[in-house]
Amino acid sequence: MVRAFFDQARSDCFEIIYIFTPQVSPLEMATFICRELDEDDPPSVFAAVPRLQWKLLEIFESGKTVVLMIDEAQLLPPGDPGVPAPLEQFRDRPGKLIQTVLVGQPELDNTLARRDMRQVNQRVALRARLAPLGPTESIEYIEHRLLASGADDLTQILSPSAAWRIADAACGIPRAINILADNVLIAGLAAGQQTGRRLARREHDPRIHRQIRRDEPGPAAPRLWRRRGRQLGRAPRYDAASAAAAGFAR
């Protein structure tokens, strides 16, 4: 989603500052922002604020909006005693001259609930959550990745049953789909199978079974997802070994 925003954002409207490693001190974050805006390194956090205020005002008057994009924001560290947390340093004086976007895992809610982040939490104007992919969307996602890699269609690489087992096990989480599908393809490579041939029997390789089970999402999430799958007439019970065994298309 972040990369899609970067691709679509107009350079004449936005000045984007992207921070992908937020485990930094307030001074380090202020220094990084200053560098991105072509300002000299500040000697302290408090020296950075007025300097950035003038710079942000200059950019605002030119018709641009400065966007501070912080990825993996759940990893934001707490502020040191007597020093504001990284985001708190910009909460008042620069005001709306800078728009902050926090992108993170569900644990971000816990980060914002911290005492040192309460002012930031109160200023969150819009919250959005990405829901897991549905069963059909998961299959379409697998097919899209295969087509982007040069396959003619999904069935050239995966049998329909293998694709559904992967989708069912991942519960709509793209990262889990990637891991499971990768394990299935590795299983096919280890077995010496070629595209267009089916892998061996269900009890293909217990090591692959253990690896995929280790990556399977927790037991609480799949229930609703599988109920949605049944509505589509597809809700195969996940068996990692048989998913690997059905890895390549017939």
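In what pattern do helices and strands follow one another when the chain is read along the sequence? The pattern is α-β-α-α-β-β-α-α-α-α-α-α-α-α, and the secondary structure comes to 11 helices and three strands. Here helices (H or I, at least four residues) and strands (E, at least two) are DSSP runs, numbered from the N terminus.

A word on the model: it is predicted, local features need pLDDT of at least 70, side-chain atom pairs count only at pLDDT 80 or more, and totals for chains, interfaces and linings use all residues. Residues are numbered from 1 along each chain as its sequence is written, and side-chain values use heavy atoms, with hydrogens and water left out.

**The chain as a whole**

Of the 250 residues in the chain, 37% are buried. Buried means under 20% relative accessible area, exposed means over 50%, and partly exposed lies in between (1.4 Å probe, protein chains only).

**Salt bridges**

The structure holds six salt bridges, each a side-chain nitrogen of Lys or Arg within 4 Å of a carboxyl oxygen of Asp or Glu.

| Pair | N to O distance |
|---|---|
| Asp-12 and Arg-10 | 2.8 Å |
| Arg-35 and Asp-41 | 2.8 Å |
| Arg-114 and Asp-116 | 3.0 Å |

Arg-114 is partly exposed at 22%, and Asp-116 is partly exposed at 26%.

**A buried aspartate**

Where does Asp-71 sit? Asp-71 is in the loop between strand S2 (65-70) and strand S3 (98-102). Asp-71 is buried yet has no salt bridge, and the nearest side chain of opposite charge, Arg-3, is 7.2 Å away. For charge, Lys and Arg count as positive and Asp and Glu as negative; His and the chain ends are not counted. Leaving out residues up to four places away in sequence, Asp-71 touches Tyr-18, Ile-19, Phe-20, Pro-22 and Val-103.

**Cysteines**

The count of disulfides (pairs of cysteine sulfur atoms within 2.5 Å) comes to zero. Cys-34 is buried at 0% relative accessibility, and Cys-171 is buried at 4%.

**Helix H3**

Phe-60 belongs to helix H3 (residues 45-61). Phe-60 counts as partly exposed because its relative accessibility is 48%.

Technical notes: Contact means heavy atoms within 4.5 Å.
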